[in-house]
Protein chains: 2
Amino acid sequence: MTNPLILKLSHAADLQDEDRALLRRLCARPTAITARTDIIREGDTPSTVRLVLRGLACRYQYLPDGGRAIFALLIPGDLCDLHVSILGRMDHSLATLSACDVVEIPRAAIQFITDTNPRITRALWWATLVDEAVLRHWLVGKNRRLADQQLLHLFCELLVRFQAVGLADGDSYPLPITQIELGDILGLSTVHTNRTLQGLRAEGLIAFEDGRVTILDRERAWEMISFDPGYLHLKRRR
Amino acid sequence: MTNPLILKLSHAADLQDEDRALLRRLCARPTAITARTDIIREGDTPSTVRLVLRGLACRYQYLPDGGRAIFALLIPGDLCDLHVSILGRMDHSLATLSACDVVEIPRAAIQFITDTNPRITRALWWATLVDEAVLRHWLVGKNRRLADQQLLHLFCELLVRFQAVGLADGDSYPLPITQIELGDILGLSTVHTNRTLQGLRAEGLIAFEDGRVTILDRERAWEMISFDPGYLHLKRRR
DNA sequence: CGCAGCGTTGACAACCTTCAAATTTGGTGG
DNA sequence: CCACCAAATTTGAAGGTTGTCAACGCTGCG
């Protein structure tokens, strides 16, 4: 299997063989983490950068009312906290949703890369900018889209992101989470999340079962939400 | 008047006199831009970094339905697009809301700073991280707060940000925008924005008139929304 | 077998949007 | 200074979307 980090960063820079070798060395010796386990907690001051190689993780925060808000999903190839040591203190937490393989990259290794390898450095900054663009789109969607369009948008975005790291199977990809967690992501109640899913299933647009999402009618789904993956800043697939 | 960029970055690093002098030189020769004018348009590939020295600007996007979504406010001291040239193409626009003074900083000047001045470099990255944290909080608020709490949260956040650049007058600061624009920021209809404002006014919590916001009862306002400015990562005021 | 968590359903209430219209405000030209 | 116009604010009413509460069935696991 090709390394998801390399696949992802290839969208941002023309990586050379030496770059790929360097990135592969970074990914040696991942740590396996079980599902639903905190990786970094609010208040921590992490000194290493983390990289998800396998599985699904999220950024989240508990709220005064006891609820949980999830405001980012990390799929293989995604980095956490490339630069968060500058802030000193995490203002939110990270946790696994499924079982994950995570690599801890020492600060010195990142320093070495940014000092010596402009191609990879550029690609890393590209990745953080894309993360921010995703966040903006979630906010716009929350403000302006109904629940069914929001859900469809999330599923379409994830399809493109999984395809970008070679982990989609046609129009299908793994998403082993509960409807409760899906509600925490979308900011919807469990009940409404369930009803929205049923609506989209009845339309024949999507399937969400056995921990997988399948977009059954991508043409129509994209049109319904005017989906434009441009904000992910990926290269067209060859 | 002290330079807002210097005041802002002082929260992130112990600037030396030479740093301040360098930053002041950066801010020489601002351009005056009238209210409601685009600074950068979606699709552009800006080659300079911009800095707001005076006035209010925003990041926004027009939506398929013709509406406008505003997902960031820029106040004096805020930078736009420190690194966006990496993405090649803007996926949203920036515009002034009030009359602004904006500085264009050549890419070479940023390059020079990041190559030679680690204190300012660190402070600049800090600023982009804070921007991201603000974005996350807007998303969480949208998901989990009612309109009145959202509005209150926005007004409290802006108070803290204005205080951080020395532009607040007690618990009051300038916000010369219409209720329509406020609705675009909060993702609420104009009608509901208006009614929400009336509710908060009737509670004696805030005033919003003549282009200024005043938090009339900060104690109670903060408590109502469990406001914790920690996510802005500012130093305590002395 | 019993339990706990998840998915599903129904009924109802709350929040917010939309539509339509009246009122106020601010700017411009006579 | 006043008349006029456009834009913004405000009000009312109705309808749609989503949340909350409560209950039930299902599934996997000890």
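Q: OK, is Phe71(A) buried or exposed?
A: Phe71(A) counts as buried, because 23 C-beta neighbours sit inside 10 Å. The cut-offs: a residue is buried if 20 or more other C-beta atoms lie within 10 Å of its own, exposed if 12 or fewer, and partly exposed in between, with C-beta atoms placed from the backbone.

Q: Before we go on, what kind of model is this?
A: It's a predicted model, where local features need pLDDT of at least 70, side-chain atom pairs count only at pLDDT 80 or more, and totals for chains, interfaces and linings use all residues. Residues are numbered from 1 along each chain as its sequence is written, and chains are lettered from A and ligands numbered from 1 in the order in which they are written.

Q: Got it. Where is Phe71(A) placed?
A: In strand S5 of chain A. Helices (H or I, at least four residues) and strands (E, at least two) are DSSP runs, numbered from the N terminus.

Q: And which residues is Phe71(A) in contact with?
A: Leaving aside neighbours within four places in sequence, Phe71(A) is in contact with Arg59(A), Leu135(A) and Trp138(A), plus Arg136(B), Leu139(B) and Val140(B) from chain B. In contact means that the two C-beta atoms, placed from the backbone, lie within 7 Å.

Q: How can chain A be laid on chain B?
A: By a turn of 180 degrees and a shift of 0.0 Å along the axis, with an RMSD of 0.0 Å. That's the relation of a two-fold axis. The same surface serves both copies, as 100% of the contact residues of chain A recur in chain B. The superposition is by least squares on the C-alpha atoms of residues with pLDDT of at least 70 in both copies.

Q: Which residue of chain A comes closest to the rotation axis?
A: Leu139(A), at 2.6 Å (C-alpha).

Q: Switching topic: which domains is chain A divided into?
A: Domain 1 (4-123) and domain 2 (145-232); the bounds come from an automatic or database domain assignment. Their C-alpha centres lie 24 Å apart. The contact takes 14 residues from domain 1 and 12 residues from domain 2 of chain A.

Q: Which element gives the most on the domain 1 side?
A: S5(A), with four residues.

Q: Last one, helix H7 of chain B. Which residues are buried there?
A: Thr193(B), Thr196(B) and Leu200(B) are buried in H7(B). They cover an arc of only 65 degrees around the axis, so they end up on the same side of H7(B); the arc is that of the directions from the helix axis to the C-beta atoms.

Q: Why would residues a few places apart point the same way?
A: An α-helix has 3.6 residues a turn, so residues three or four places apart point the same way.

Q: What do the buried residues of H7(B) pack against?
A: Helix H5 (147-164), helix H6 (179-186) and strand S10 (206-209) of chain B. The face turned away from the buried side carries the exposed residues Val191(B), Gln198(B) and Ala202(B).
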